[in-house]
Amino acid sequence: MQYQDIHIEEKLDSWQYFENILLMKQIITIDLNVIDNYQNIIINGVHCGLFAGEDIYDMNHCLVYFKDDLIMDIESNSDKWKVPLLNINEGTFYIQQIDTAEGYFGNTEQFYLNVNFKIGLVNFHVLIENQPTILEISKKDEIGRFVKGAWLVLKDEKGELVDEWISEREHILYSLVISS
């Protein structure tokens with residue numbers, strides 16, 4: 001980060017001496033949503049990262065980001081994120097999930113963004129799907145038939161009620177937190 005600060009200061013100082021050099025500040029706008037791919041509901045607050053997909057150089061061919069450098073931490077389903085990049089014309093970036101919401105399996109896929117600021121504004125919408133944990137519970141007799149009418153209760157490790165139901169067929173619970 002210090003290298004970037006020094007480089008930016010040099011660019012600002014050089015502005016006074018070169019009339020034909022334009023200091024360009026590009027903005028990537030990212031609309032990031034993470035959804036439950038089974039129930040199709042939004043999962044709030046999942047952290048993803050914007051990473052350099054390759055070595056990124058500025059317009060003076062100075063290295064700004066190494067490949068796989070984290071550029072910014074982005075939280076899902078917030079306002080659109082605006083990522084300022086100083087004097088970068090183009091580059092490949094990617095978004096990848098950093099953490100996982102409780103009750104879900106994270107997505108390790110990398111979503112690539114090929115950026116060329118010469119063609120205008122850069123806006124991306126990224127949709128990341130997460131698989132919820134799924135637990136199917138049923139009450140059966142000795143020969144495997146469903147027992148109807150049994151009152152079943154599921155509690156967590158602290159003894160707190162998670163769910164209760166009367167048995168009929170399989171009872172399915174989604175997005176249960178997996179404890180260690």
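Visitor: Which residues does Gly103 touch, not counting residues up to four places away in sequence?

Guide: In this predicted model, Gly103 touches Pro132, Thr133, Ser175, Leu176 and Val177 on that count. Contact means heavy atoms within 4.5 Å. Residues are numbered from 1 along each chain as its sequence is written, and side-chain values use heavy atoms, with hydrogens and water left out. Because the model is predicted, local features need pLDDT of at least 70 and side-chain atom pairs count only at pLDDT 80 or more, while totals for chains, interfaces and linings use all residues.

Visitor: Why is Gly103 called buried?

Guide: Buried means under 20% relative accessible area, exposed means over 50%, and partly exposed is in between (1.4 Å probe, protein chains only). Gly103 has 5% relative accessibility, so Gly103 counts as buried. Gly103 sits in the loop between β8 (90–97) and β9 (104–105). Strands such as these are DSSP runs (E, at least two residues), numbered from the N terminus.

Visitor: What separates the C-alpha atoms of Gly103 and Tyr174?

Guide: They are separated by 7.7 Å, with the two residues 71 apart along the chain.

Visitor: Why does Ser76 count as buried?

Guide: Ser76 is at 1% relative accessibility, and therefore counts as buried. Ser76 lies in the loop between β6 (70–75) and β7 (81–86). Its side chain reaches the backbone nitrogen of Gly45 at 3.5 Å. Leaving aside neighbours within four places in sequence, the residues in contact with Ser76 include Leu32, Val34 and Ile43.

Visitor: What makes a nonpolar core, and how many residues has the largest?

Guide: A nonpolar core is a set of buried Ala, Val, Leu, Ile, Met, Phe, Trp, Tyr and Cys residues joined through side-chain atoms within 4.5 Å. The largest one here has 26 residues, and Leu32 is among those with the most contacts inside it. The largest share of this core, 4 residues, comes from β1. Leu32 also touches Ser76, as well as Ile95 and Ile128 among others.

Notes:
A polar contact is a pair of N or O atoms within 3.5 Å; within protein, one must be able to donate a hydrogen and the other to accept it, and residues adjacent in sequence count only if both atoms are side-chain atoms.
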